Amino acid sequence: MLVFDNYPSGLTYSQSSKSWRVRAVKPVEYEVRVCDGVFDPESTALVEKSAGSAGGNRRFVVIDAEVDRLHGDRVRRYFEHHGIDYFMQVVRADETLKEFETASDIVVALDSFGLDRRREPIIVIGGGVLMDIVCLVANLYRRGTPVVRVPTTLIGLVDAGVGVKTGVNFNGHKNRLGTYFAPVLTLLDRSFLATVERRHIANGMGEILKMALIKDARLFDLLEQHGPRLVEQKFQDDSRPGDPAGEVIRRAIHGMLEELQPNLWEAELERIVDYGHTFSPTLEMRALPALLHGEAVSVDMALTTVLAWRRGLVDLEQRDRILGVMRSLELPSWNELLDAELLDAALQDTVRHRDGQQRLPLPVGIGDAVFVNDVTREELAVAVEDLRVLDARELSRV
C-alpha cells in the first residue's frame, strides 16, 4: 500500500489494485437546551448566532397547524419583535400524513423562499412527526441545511427532539425512508405542554417509561409516585419539593442522550433504547390511526414484560408494578391486533433491520435490560395469551 505524503492522511493508493481509498471523519455536535419562554420577546435563543446563523436575518419556519392555531400569533410577534424577515409554512402533521408528499411540499416552499442554506437555518415548531419530516427535508435540501427544533409535545421533548433520526413512512412501513441528521439546536420549553391534549401527554409517557424500565429505576419510582398527577397537570406544576415534573423530563432526556451519544449512527445494533420498538412499528402502522406512537410502544413493552416474566427476568411483583404504572399513566397494555401473524411479521422485519439477528431488548427487573436472539413464535403466542388474560382480568375489576 503506497501512501502519497502530499495527500491528506486519510487518502491511500494501492499500486497493485490501482485503487484509491478515502477515509474521512466528520465531527457531530449539537445542543439540546432547556429554554423556558422560548417565544418571550426578551428571549434571543432562536435568533442568536449559536442557532446556526452567521448573520442572516431571514428564517423559514415550519409550524404544526394545531400549534399555529394555539400559539401562532405569539410566534409571529416574536419574529417581528426581533426584526426577522420570516416565512411561516403551516403544516398538518400526524402519523397518517408522515409521508414524502408532505416533505416535498415543504421543499417547494423552501425554493420559493430562496433560502440561504448556510446563514438561514430552518426552524421547525411542532411534535415528533413534524420534526422527523422537516429534519429529513433539511438533510436533503441542497445536501444539508441547518435546522433548529422547538418541540411542542411531550414525545417531542423527551424523544424525537433529542436524537438525530429523520424519516417518513413509506409503502405501509413506519419510517421506511430516513436519514441521520443532527440539528444545530433543540430548544425545550415545557410550557407548550399546557395546551397539549391529555392523551398526547400520556403518549409521551410511553417513551419516558421505556427509559425507566431499561435504564433508570429512580425514574420508574418517580413515575409510580407522581405519574398520574403529571399527566393530570401536564407537567406544569413545579412547586412540589424536588420538582418531580422537571426531574422526570431531565432524567428521561439525559438517559436517552447518554445512550445515543456514543452510537448516533447506530453502528452498534444492540441498542437498549430500541426497547418497545420491536413489535410496535408494525402494530402502529396496522392500527393507524387508532394508536399513537407511545401507545404502540407501551403495548410492545407490556408484551415483552410478560415475555421477560416467563423467562424469569422479571418477577411477578415487578411484572404487576410495570403493568400497573402503564395503567396509571393512561397507556394501553393490550391491543386486539396482537396475534401470531402480526408478531411474526414484525419480528421478521426487525431481524432484517438489525442485521440478521433479533437483538431484542428485554427488561431485567426494573432499570436494567438484556438482549436476546432466541425468541420463538410459540413463546410469543404464550406471552400474547398471558397478556390477554391479564387485560381481561383488569377490565373485570373496573
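Let's start at one residue: setting aside neighbours within four places in sequence, Arg321 is in contact (heavy atoms within 4.5 Å) with Phe220, Asp221, Glu224 and Ile366. This is a predicted model, in which local features need pLDDT of at least 70 and side-chain atom pairs count only at pLDDT 80 or more, while totals for chains, interfaces and linings use all residues. Residues are numbered from 1 along each chain as its sequence is written, and side-chain values use heavy atoms, with hydrogens and water left out.

Arg321 sits in helix H10 (residues 316–328); helices (H or I, at least four residues) and strands (E, at least two) are DSSP runs, numbered from the N terminus. Because its relative accessibility is 27%, Arg321 counts as partly exposed, the class between buried (under 20% relative accessible area) and exposed (over 50%), with a 1.4 Å probe and protein chains only.

Leaving out residues up to four places away in sequence, Leu209 touches Phe220, Leu223, Met301, Val325, Met326 and Leu331.

Next, look for the open sheet. Its six strands pair in parallel, in the order S3-S10-S7-S6-S4-S5; two strands pair if DSSP finds at least two bridges between them. At the edges are strand S3 (31–34) and strand S5 (85–91), each pairing on one side only. Strand S4 (residues 58–64) joins S5 through seven parallel bridges, and Val90 in S5 is the bridge partner of Ile63. Helix H1 (residues 65–81) packs on the sheet, touching S4, S5 and strand S6 (122–126), and its direction makes about 180° with that of S5. Angles run from 0 to 180 degrees between N-to-C directions, and axes are lines fitted to C-alpha atoms, for helices over the stretch in contact. Helix H3 (residues 128–140) lies across S4, S5, S6 and strand S7 (147–151), at about 165° to S6.

Finally, here is a helix pair to find. Helix H5 (residues 198–215) packs against helix H7 (residues 244–260) at an angle of about 65°, with their axes 9 Å apart. Among the residues making this contact are Ile208 and Met211 of H5, and Val248 and Ala252 of H7.
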